[in-house]
Amino acid sequence: MSGILSEPLDILGRLLAPEGKQNPYPLYEEMRAHGPVVTIAGVHTFITGYAECAQALREPRLLSTDAAVQDQRLQGWREHSSWRWLTRNMLFSNDPDHDRLRRFFGNAFSARRVAEMRSLVQELAYDAVRHVATLGAGGQVVDLVPEFSFRFPMAVIGRLLGVPEADQLGFREAIGDITSALEPVRDPRELERGDAGMDLLAEYLTTLIARLRETPGPDLTSGWIKALDEGAEITEEELLANFMLLLVAATEAPQDLLSNTVRLALEQPAHAARLRENPAFVESFVKETLRFDPAVQVLNRVASEDLDFFGARVTAHSPVTLLIAAGNRDPRRFDNPLVFDPARPDNQALTFSAGGHYCLGAALACMSAEVVLPLLLRSLPELSLAGDATFRVQVVQRGHEHLPVTTN
Ligand code: HEM
């Protein structure tokens, strides 16, 4: 690296600016030039290294943002329904609550259960591809983000959780609003958008749960309600909070993964051709997309006590930000990390996290993408990008706002 290094605080400022959010990758490299663990203003630790991120995710003294942690971090948060609900879900809990919730909901998404979901996913993938083909039939430009990348994973999780098909697409805006509450917040008033999304979802799901309690279906939620009513160690609020987590987690990040895989395939026609000819290639293609342009870029933890982390002093209650998208491009872990190369061996990105909070839906997300991507490309051999593939202005989760394509 030549020239003068910018100060980490300046790099952070540019990362949080709109241009940085559109393309954060050069800024991660600037941050990395200061080392794998960087402390800003003596109080905020940033991690760019792969091994260091992986270690941080397994460090029990680095906590997820539960209610007690949030009390120290953000005054007034309890007046905001977004974070009141978020801190009741497993992602924003620490043990023993996390362990209890994960055991209750976890079985439903085991490798075996996900393998059993394959035929349902195939059926819904056909529907999703047919929908795109219909919209694009007359040569019209189709925006794949709402019409495919959101629609398909929503159909999958909606069916699994028992959300009626007619209601599913109406949640797109609320789900986007809820993820805005996960962005860095300086003033709690910035949570109002997330609150509105959360209130809407909570109201709808309260009614849905009451209906499924009365008339159970073959869905997962009906099973969880029955277990709760028979005395399982979980509260009604926790059921609702984790239902909302599942609905958001199973749509927002998969939406970004699907848009990114399609864009990367269409940008390099040799990849698209290979995916059409050899569907088995899709597994490594999806893995490399997850590494190279991950839907989740940043994870947050807070130190429970003073600790020494790879030589950096992390004080109790101070934040630790894991730039996992930078870790995915760490040259100490991956050869030529800035190159998109689906043939990469041992390609285990940090994108699904690691340790106790490792993504519960990783197997479902990968299987769904592996089923639908070759189907889309084979069914629509003329599929092409058609205009600006813009990104949302977000830093924690990265994904396309629009992905215009033509199908013939
Ligand atoms: C491309 C798709 C996906 C990505 C990139 C992704 C990413 C992640 C990440 C990074 C975490 C952990 C965050 C942390 O450690 O702080 C996580 C947790 C979680 N994910 Fe996913 N996810 C995806 C799809 C899904 C799907 C399809 C589901 C639904 C079944 C799901 C459900 C969850 C749940 C319930 C947790 C919380 C786990 C816990 O706290 O123990 N995710 N996900």
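In the predicted model described here, His317 is placed in the loop that runs between strand S7 (312-314) and strand S8 (319-322), where strands (E, at least two residues) and helices (H or I, at least four) are DSSP runs numbered from the N terminus. The phi angle of His317 is near 75 degrees, a positive value in a residue other than glycine, and with a relative accessibility of 40% His317 counts as partly exposed, a class between buried (under 20% relative accessible area) and exposed (over 50%), computed with a 1.4 Å probe on protein chains only. Asp346, which is likewise not a glycine, has a positive phi of about 50 degrees; Asp346 is found in the loop between H19 and H20 and, at 58% relative accessibility, counts as exposed. Residues are numbered from 1 along each chain as its sequence is written. Because the model is predicted, local features need pLDDT of at least 70 and side-chain atom pairs count only at pLDDT 80 or more, whereas totals for chains, interfaces and linings use all residues, and side-chain values use heavy atoms, with hydrogens and water left out.

The loop between helix H19 (324-327) and helix H20 (362-379) also holds Cys359, whose SG atom, at 2.3 Å, is the only protein donor of the iron atom of the ligand; donors are N, O and S atoms within 2.8 Å of the metal (3.2 Å for Na, K and Ca), and since water is not among the atoms, sites may look incomplete. Around the ligand there are 24 residues, of which His98, Arg102, Ser353, His357 and Cys359 come nearest, a residue being counted as near if one of its heavy atoms lies within 4 Å. The side chain of His98 places an N or O atom 2.7 Å from an oxygen atom of the ligand, and for a side-chain N or O atom of Ser353 the distance to a ligand oxygen is 2.7 Å. A polar side-chain atom of Arg301 lies 2.8 Å from an oxygen atom of the ligand. Two or more residues of the shell come from each of helix H7 (97-106), helix H15 (236-249), helix H16 (252-267) and strand S5 (299-303).

In soluble globular proteins, nonpolar side chains tend to be buried together.

Val37, a residue of strand S1, is buried, with a relative accessible area of 15%. Its neighbours within four places in sequence aside, Val37 is in contact (heavy atoms within 4.5 Å) with Thr45, Phe46, Ile47, Glu52, Phe309, Phe310 and Ala312. Helix H3 (residues 25-32) is mostly covered, 6 of its 8 residues being buried, and the elements covering these buried residues include helix H1 (8-16), helix H2 (18-22), strand S1 (37-40), helix H18 (282-292) and H19.

Definitions and conventions: A polar contact is a pair of N or O atoms within 3.5 Å; within protein, one must be able to donate a hydrogen and the other to accept it, and residues adjacent in sequence count only if both atoms are side-chain atoms.
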